[in-house]
Amino acid sequence: MALTGNLSMVLLILLDAQLHTPMYFLLSQLSLMDLIYICTTVPKMASGFLFGNKSISFIGCGVQCFFFVTLAGSEGLLLMSMSYDRYVAICFPLHYPIRMNRRVCVLMILGSWSMGVVNSCAHTVYVLHIPYCRSRAIDHFFCDIPAMLTLACRDTRVYEYIVFFNTFIFVLFPFIIILASYGKVLLAVYRMSSQEGRKKAYSTCSAHLTVVTFYYVPFAYIFLHPKSLRSPAEEKLVAVFYTILTPVLNPVIYSLRNKEVLGALRRVAGKFCSKAL
């Protein structure tokens with residue numbers, strides 16, 4: 001479902017000229033991130049469940065950890081960029097072509113990817129170089145850093161403080177910016193005289209806020225919740241939200257609740273049908 005939905009969104013935005021706007025340009029990047037994101041954890045997990053092959057090499061674990069942290073951080077920053085896009089579009093519509101031109105969009109996307117990669121490199125290098133002298137069985141369905149730290153011989157409290165600070169940068173700070181942006185957006189929408197414009201703005205904002213809630217809240221709960229108050233079973237259950245459910249639900253939320261996307265789908269399908277005939 002995640003592969004089909006996100007790949008369809010990427011191709012639809014690429015093929016339909018009417019969706020070549022900053023909002024959908026950012027949305028195509030979100031779908032691309034979710035596409036890679038779901039492939040980082042789920043295939044290996046599914047293989048373990050279906051065939052009983054629950055082992056993973058040390059290098060394989062490092063690769064999985066790198067891609068997971070990269071995409072998790074990048075997506076958090078991209079969602080913040082998307083909230084800024086909606087803020088400018090609704091609160092400063094006349095300035096929108098200047099503030100959200102193609103160059104700004106490209107810089108936002110490159111910035112999200114770059115910060116995600118740099119952050120991931122630091123974490124991956126650390127977890128691959130600390131000594132592991134306990135059981136090599138990770139009590140999780142993927143190579144999650146908190147689950148790996150429980151197997152380390154070295155005292156990792158300093159690193160856990162770094163993870164806490166890192167969570168503030170990639171989770172709490174974007175979340176605060178998003179809430180502030182949408183607070184101003186909702187205030188501007190409330191003052192709108194057009195009923196149709198107000199309805200469209202509410203629909204767009206509610207879709208984005210739904211995605212944000214499913215993504216940020218589980219992350220914040222796991223990485224800001226004291227380790228002594230968490231259990232491995234609880235961590236795995238909460239991780240399902242940001243590793244599996246969010247990539248599955250994102251294209252559903254943005255497509256089924258969006259008339260422009262549904263209209264683009266009909267146009268693209270009509271073009272392919274006319275060519276086939």
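Start by selecting Lys236: leaving aside residues up to four places away in sequence, Lys236 touches Asp139, His140 and Phe141. Keep in mind as you look around that this is a predicted model. Lys236 belongs to helix 9, which covers residues 232-256, and is partly exposed, with a relative accessible area of 26%. Now show side chains: those of Lys236 and Asp139 make a polar contact at 2.8 Å.

Next, turn to the rings. The structure holds 16 aromatic pairs. One of them is Phe58 with Tyr132, edge-to-face, with 6.4 Å between centres and 70° between the planes. This pair links distant parts of the chain, 74 residues apart: Phe58 is in helix 3 (residues 58-91), while Tyr132 is in the loop between helix 5 (102-129) and helix 6 (145-149). Colour by accessibility and you will find Phe58 partly exposed at 40% relative accessible area, whereas Tyr132 is buried at 14%.

Then select Tyr215 and Phe219, another edge-to-face pair, 5.2 Å centre to centre with 65° between the planes. Both lie in helix 8 (residues 195-224), four residues apart, or about one turn of the helix, and both are buried. Phe141 brings you back to Lys236, which touches it.

Finish with two arginines. The charged end of Arg99 sits over the ring of Phe92, 4.4 Å from its centre. Arg102 lies over the face of Phe25, 5.5 Å from the ring centre.

Notes. Residues numbered from 1 in each chain as written. Predicted model: local features only at pLDDT ≥ 70, side-chain atom pairs only at ≥ 80, totals over all residues. Heavy atoms only, no water. Helix = DSSP H or I, 4+ residues; strand = E, 2+ residues; numbered from the N terminus. Buried < 20%, exposed > 50% of the residue type's maximum accessible area, 1.4 Å probe, protein only. Contact = heavy atoms within 4.5 Å. Polar contact = N/O pair within 3.5 Å; in protein donor to acceptor, adjacent residues only side chain to side chain. Phe/Tyr/Trp six-rings, centres within 6.5 Å; stacked < 30°, edge-to-face > 60°. Lys NZ or Arg CZ within 6 Å of the ring centre and 35° of its normal.
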